[in-house]
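Subject: Structure for you to look at

Hello,

Here is the structure I promised you. Please open it and keep it on screen while you read my notes below.

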Amino acid sequence: MEPDGTGFLAETAQLVSAVGRAMGATLRNFVRRPVTVRYPTIKRVYPDRFRGILALTYDSETGEENCIGCRLCEYICPPQVIKVEMLKAEKRNFAKTFTLELYACEFCELCVQVCPTDAIIMMKSFDLATADRRELLLDKDRLHALGLQFPPSWATGNRLRDMQAPPKPAKAAAKGEAKESAE
Ligand code: SF4
Ligand code: SF4
């Protein structure tokens, strides 16, 4: 069968166009600024909701530990890496012991979301790399020290619950009125 001249030309045009597009992409990326940075000399600015290392907090006014040992974080944690023992006291309770196996943490943030006293939070850092897994078994003292060492993420249990709460009655009424007048 004789070769079809029209088909050959069409295929050649397609090939040239594809090579042209590929070369264009190569050239664009060749002159583009790199997206990588020289970590750790240069560090990126992390987003406010960054889910990094977990830590425990102190009350900034009284200096007391915020954790009341309620164990909600322990119950909610999917891989069950948190263990808390409650210490009952006269005015409030504390965590007698608090351990967190960071090497098995999923960074799901559920423990932060349920904490009633904003005692457990995530920090805007992941700088805890180590070759020794034992260093990632965090006890109460280490968790408190991490809370002072790194900048905290915006998210705390109370802030997150406020975001999910239904609109305040005044706001809801105003919205309802606006909807009625629009109809
Ligand atoms: S972030 Fe998730 S997996 Fe990690 S300790 Fe909290 S609840 Fe557990
Ligand atoms: S960190 Fe929060 S949720 Fe966990 S035991 Fe302490 S107070 Fe309860």
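Start with Glu64. Its relative accessibility is 36%, so Glu64 counts as partly exposed. Bear in mind that this is a predicted model.

What does Glu64 pair with? Arg92 forms a salt bridge with Glu64. The closest N and O atoms of the two are 3.1 Å apart. Arg92 sits in the loop between β2 and β3, while Glu64 sits in the loop between β1 (54–56) and α2 (72–76), so the pair ties together parts that are 28 residues apart in sequence. Side chains of opposite charge can pair when their charged atoms come close.

More salt bridges

How many salt bridges does the whole structure hold? The search finds eight. Here are some to look up:

- Arg71 pairs with Glu74, with the closest N and O atoms 2.8 Å apart. Arg71 is partly exposed, at a relative accessible area of 29%. Glu74 is buried, at 14% relative accessibility.
- Arg134 pairs with Asp132, with the closest N and O atoms 3.0 Å apart. Arg134 is exposed, at 67% relative accessibility. Asp132 is partly exposed, with a relative accessible area of 25%.
- Arg49, Arg51 and Glu109 are linked in a network of salt bridges.

The overall picture

Now zoom out. The protein has six helices and five strands. Along the sequence they follow the pattern α-β-α-β-β-α-β-β-α-α-α. The radius of gyration is 27 Å, well over the 16 Å that the globule rule gives for 183 residues, so the protein is more spread out than a compact globule. The C-alpha trace spans about 100 × 65 × 35 Å along its principal axes. Of the 183 residues, 26% count as buried. Now take the contacts with a separation of 6 or more: residues 24 or more positions apart account for 73% of them.

The hairpin

Go back to the loop that holds Arg92. The strands on either side of this loop are β2 and β3. Strand β2 covers residues 82–87 and strand β3 covers residues 94–101. They run antiparallel, and six bridges join them. Together they form a hairpin with six residues between them. To check the pairing, find Ile82: it stands opposite Leu100 in β3.

The two ligands

Which residues come closest to ligand 1? They are Cys77, Cys105, Glu106, Cys108 and Cys111, out of 13 residues that surround this ligand. The shell of ligand 1 divides into eleven nonpolar, no polar and two charged residues.

Ligand 2 also has 13 residues around it. The nearest are Cys67, Cys70, Arg71, Cys73 and Cys115. This shell divides into ten nonpolar, two polar and one charged. Note Arg71 here: it is also the partner of Glu74 in a salt bridge.

Most residues other than glycine have a negative phi, and most peptide bonds are trans.

- Arg71 is not a glycine, yet has a positive phi of about 75°. Arg71 lies in the loop between β1 and α2.
- Phe107 is not a glycine either, and has a positive phi of about 55°. Phe107 is in the loop between β3 and α3 (110–114). It is partly exposed, with a relative accessible area of 29%.
- The peptide bond from Tyr39 to Pro40 is cis, with omega near 5°. Pro40 is in the loop between α1 (5–31) and β1.

Two buried residues

Is His144 buried or exposed? His144 is buried, with a relative accessible area of 2%. Its place is in helix α4, residues 140–149. Leaving out residues up to four places away in sequence, His144 touches Leu56, Thr57, Tyr58 and Glu65.

Ser125 is buried too, at 4% relative accessibility. Ser125 is in the loop between β4 (120–122) and β5 (137–138). What does Ser125 touch, beyond its neighbours within four places in sequence? The contacts are Tyr46, Phe50, Gly52, Ile53 and Phe150.

Best wishes

Notes. Residues are numbered from 1 along each chain as its sequence is written. Chains are lettered from A and ligands numbered from 1 in the order in which they are written. This is a predicted model: local features need pLDDT of at least 70, side-chain atom pairs count only at pLDDT 80 or more; totals for chains, interfaces and linings use all residues. Side-chain values use heavy atoms; hydrogens and water are left out. Helices (H or I, at least four residues) and strands (E, at least two) are DSSP runs, numbered from the N terminus. Buried means under 20% relative accessible area, exposed over 50%, partly exposed in between (1.4 Å probe, protein chains only). Contact means heavy atoms within 4.5 Å. Two strands pair if DSSP finds at least two bridges between them. A salt bridge is a side-chain nitrogen of Lys or Arg within 4 Å of a carboxyl oxygen of Asp or Glu. A residue is near a molecule or strand if one of its heavy atoms lies within 4 Å of it. Ala, Val, Leu, Ile, Met, Phe, Trp, Tyr, Cys and Pro count as nonpolar, Asp, Glu, Lys and Arg as charged, and the others, Gly among them, as polar. The radius of gyration is taken over C-alpha atoms; the globule rule is 2.2 Å times the number of residues to the power 0.38.
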